[in-house]
Amino acid sequence: RRHEITVTMVFLVNSHQGNNVPAPFTSFDATGLPSELLREVRQAGFSSPTPIQAQSWPIALQNLDIVAVAKTGSGKTLGYLIPGFFHLKRRRNNPQMGPTVLVLSPTRELATQIQDEAVKFGKSSQISCTCLYGGAPKGPQLSQLSRGADIVVATPGRLNDILEMKKVSLHQVSYLVLDEADRMLDMGFEPQIRKIVKEVPTKRQTLMYTATWPKEVRKIAADLLVNPVQVNIGNVD
Ligand code: ADP
Ligand code: MG
């Protein structure tokens, strides 16, 4: 499942609110990734960043909020995980007190895929990650959580349940990702997302990824992000 760059792909990066949009990273070497992680990425068979990664990494590394509109299979997961690893390097909290990085994802399947990537590429930086999703008993997830995690990947329904049980604190989260935002809204998760985000400090970096850019997604982006830089890869309606 390699990423394919088609020749018809268009890059549109909008400079926004006076932010100078940095130039894309055209190679992994430009990223300043730790050498162990670079080795990991090369071992995975990746020769260069995908367009969404090339565009969004330098922006995310400047701590700016991002809305990225890009279709499935464009490499969005590492698009937000790698800057998340940099973020953790700079401001890692005690994972026992709650995660520093929170990723919301619509389904159990996608959430576990994200966790797998976070574990695979975060291992060399001693980054821990746990996953919370519905359709499975809470017990094992809660005991995992109680061991502490730098990154929590969660579906909104299950995370909201666990928040209501007061079994997790989001007060240390400073890097928030809404992955597949359009799909989460289609699945009716908007109330849970809003409740969850209320628990996250406003002083944070927020990244939103979506395959489509309809009115509902624009609305939640306007509510939850601050002066985001928008990165569009491909044709966006
Ligand atoms: P999306 O979230 O946009 O649907 P994913 O993050 O799941 O896409 O990535 C799609 C596939 O591309 C995955 O198998 C992933 O491992 C792979 N991939 C990610 N980054 C690169 C890269 N720089 N080069 C080649 N393949 C990549
Ligand atoms: Mg994805």
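Predicted model: local features only at pLDDT ≥ 70, side-chain atom pairs only at ≥ 80, totals over all residues.
Asn 227 counts as exposed, with 10 C-beta neighbours inside 10 Å. Residues are numbered from 1 along each chain as its sequence is written, and chains are lettered from A and ligands numbered from 1 in the order in which they are written.

**Loop residues**

- Asn 227 sits in the loop between α9 (215-224) and β8 (229-233). Helices (H or I, at least four residues) and strands (E, at least two) are DSSP runs, numbered from the N terminus.
- Asn 227 and Ser 174 are 53 residues apart along the chain, and 16 Å separates their C-alpha atoms.
- Gly 32 is in the loop between β1 (11-13) and α1 (35-43), and Gly 32 is exposed, with 11 other C-beta atoms within 10 Å.
- From Gly 32 to Phe 86 is 54 residues in sequence, and 9.7 Å in space from C-alpha to C-alpha.

**Positive phi without glycine**

- Gln 126 isn't a glycine, although its phi is positive, at about 55 degrees. You'll find Gln 126 in the loop between α4 and β4 (129-132), where Gln 126 is exposed, with 9 other C-beta atoms within 10 Å.
- Glu 180 isn't a glycine either, and has a positive phi of about 50 degrees. Glu 180 belongs to the loop between β6 (175-178) and α7 (181-186), but Glu 180 is buried, with 20 other C-beta atoms within 10 Å.

**Helices α3 and α4**

- Two packed helices are described by the angle between their axes and the distance between the axes.
- For helix α3 (residues 76-90) and helix α4 (residues 108-122), the axes come within 11 Å and cross at roughly 45 degrees. Axes are lines fitted to C-alpha atoms, for helices over the stretch in contact, and angles run from 0 to 180 degrees between N-to-C directions.
- That's why α3 and α4 are oblique to each other. Angles under 35 degrees count as roughly parallel, over 145 as roughly antiparallel, 65 to 115 as roughly perpendicular and the rest as oblique.
- The α3 and α4 crossing is right-handed. A crossing gets that label if the near helix is turned clockwise from the far one by less than a right angle, and is left-handed if anticlockwise.
- On the α3 side, Thr 77, Leu 78, Leu 81 and Phe 85 meet Ile 114, Glu 117, Ala 118, Phe 121 and Gly 122 of α4 (contact means C-beta atoms, placed from the backbone, within 7 Å).

**Helices α6 and α8**

- Helix α6 (residues 156-164) and helix α8 (residues 190-198) have axes that come within 9 Å and cross at roughly 45 degrees. That makes α6 oblique to α8.
- The crossing of α6 and α8 is left-handed.
- Pro 156, Gly 157, Leu 159, Asn 160 and Leu 163 of α6 make the contact with Gln 192, Ile 193, Lys 195 and Ile 196 of α8.

**The nonpolar core**

- In the largest nonpolar core there are 60 residues, and Ile 66, Ile 151 and Val 153 have the most contacts inside it. Such a core is a set of buried Ala, Val, Leu, Ile, Met, Phe, Trp, Tyr and Cys residues joined through C-beta atoms within 7 Å.
- Not counting residues up to four places away in sequence, Val 153 touches residues including Val 103, Ala 111, Ile 114 and Cys 131.

Note on methods
Contact = placed C-beta atoms within 7 Å. Buried ≥ 20, exposed ≤ 12 C-beta atoms within 10 Å, placed from the backbone.
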